[in-house]
Amino acid sequence: MRTISGRRSDRGRRVLATAPPAPLGTAPLRAGALAFAALVAGALAPGTTGVARAQTPSTAPPWRCLDGICERARMRENALHFELQSRRDAPVWIELEAASLENLSANPPLPWTFRLESGETRAAGTLVLQDPALPYAQRLRWIVLSGDPDARPDDRARYCMPFGGAKPVRISQGYEGEATHQGLGAYALDFPMPIGTPVLAARGGRIVASPDDGAEGETNAEGDAREIDQHVVIEHDDGTFAMYAHLRRGDAARPGQRVACGERIGYSGDTGRATGPHLHFDVYRIRRDGQRQTIPVRFWDGTAEGFEPRVDRTYAPGCSPPRPSACDGR
């Protein structure tokens with residue numbers, strides 16, 4: 001989490017102080033492990049102080065931005081009106097709370113919590129002067145999460161196998177696998193498969209993240225160059241997400257696209273910190289502290305109960321009969 005604090009100097013100039021990002025509490029990455037921190041950022045909105053004066057129409061104040069989230073406030077009719085704007089590629093969840101308020105009351109009451117779509121600008125709320133004749137001061141803290149912390153997984157959902165092709169695939173590491181599937185990332189599945197195997201949506205939803213074709217790579221602790229992990233994230237209707245990782249570069253679907261179960265979203269690869277060509281799959285929700293919490297899910301087998309996948313067992317491709325092209329990669 002990052003913080004920015006603001007104050008007015010004696011001459012009225014805003015002075016900013018920026019603190020370095022706080023650690024997200026994740027363990028160091030090992031070979032074959034995924035970066036398991038949620039896409040989370042936070043800030044203290046720069047505070048304002050002043051005295052209410054005769055107010056006349058004026059141009060909108062400039063946006064103040066941090067990590068792709070922008071904020072501005074303007075005084076109208078004895079109230080500070082706050083707006084937020086997202087310049088991120090995926091939707092985020094914003095929560096604003098008061099760090100300090102003097103001679104101001106919030107309408108609606110704080111905290112303000114809402115979803116902000118990519119590119120969206122919206123009114124966040126208003127701080128109303130209690131006594132226009134007296135000075136006022138405010139400082140708001142806003143936190144950005146990559147998912148709804150109040151989401152509740154739908155236990156009735158049944159998933160398809162997340163790969164196509166013509167051959168069954170064995171799970172090499174399952175839930176609570178000793179190698180890398182521990183802690184918050186315990187409920188994940190690894191499917192070894194040749195590079196270029198079709199990767200399918202295991203459940204319908206909307207793509208909110210996909211590979212950045214412009215990324216050049218990363219360096220591990222030993223100084224070895226590695227290719228950035230190519231992955232797709234799909235948001236489901238219940239607010240959970242599915243991660244499909246280590247994909248081949250340049251073949252994935254794009255953010256905003258809606259996909260159905262069994263629809264091709266990319267091809268398997270060997271990108272990122274993988275120990276060999278395989279597909280990493282997990283379903284997760286975002287906690288209020290910004291961490292990703294994987295959850296166990298059940299797969300469809302024609303029954304309402306479904307089944308839980310097991311390590312070292314082999315499973316057939318999850319192709320949908322209406323879409324045979326998803327199975328053979330056409």
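Ten aromatic pairs turn up in a search of the whole structure. The model is a predicted one. A pair of aromatic rings is described by the distance of the centres and the angle of the planes. Two of the pairs are set out here.

| Pair | Centre to centre | Angle between planes | Geometry |
|---|---|---|---|
| Phe-281 and Phe-299 | 6.3 Å | 65 degrees | edge-to-face |
| Phe-307 and Tyr-315 | 5.5 Å | 15 degrees | stacked |

Take the edge-to-face pair, Phe-281 and Phe-299. Phe-281 belongs to strand 23, residues 278-286. Phe-299 belongs to strand 25, residues 298-299. The pair therefore ties together parts that are 18 residues apart in sequence. Phe-281 has a relative accessibility of 1% and counts as buried. Phe-299 is likewise buried, at 1% relative accessibility. The cut-off for buried is under 20% relative accessible area.

Now the stacked pair, Phe-307 and Tyr-315. Tyr-315 has a relative accessible area of 12%, so this residue is buried.

Which residues form one aromatic cluster? Phe-281, Phe-299, Phe-307 and Tyr-315 are among them, and Tyr-159 and Tyr-244 complete the list.

Arg-248 lies over the face of Tyr-267, and the distance from the ring centre is 4.7 Å. Which ring has the charged end of Arg-292 over it? That ring belongs to Tyr-284, with the charged end of Arg-292 sitting 4.3 Å from the ring's centre.

Methods:
Residues numbered from 1 in each chain as written. Predicted model: local features only at pLDDT ≥ 70, side-chain atom pairs only at ≥ 80, totals over all residues. Heavy atoms only, no water. Phe/Tyr/Trp six-rings, centres within 6.5 Å; stacked < 30°, edge-to-face > 60°. Helix = DSSP H or I, 4+ residues; strand = E, 2+ residues; numbered from the N terminus. Buried < 20%, exposed > 50% of the residue type's maximum accessible area, 1.4 Å probe, protein only. Lys NZ or Arg CZ within 6 Å of the ring centre and 35° of its normal.
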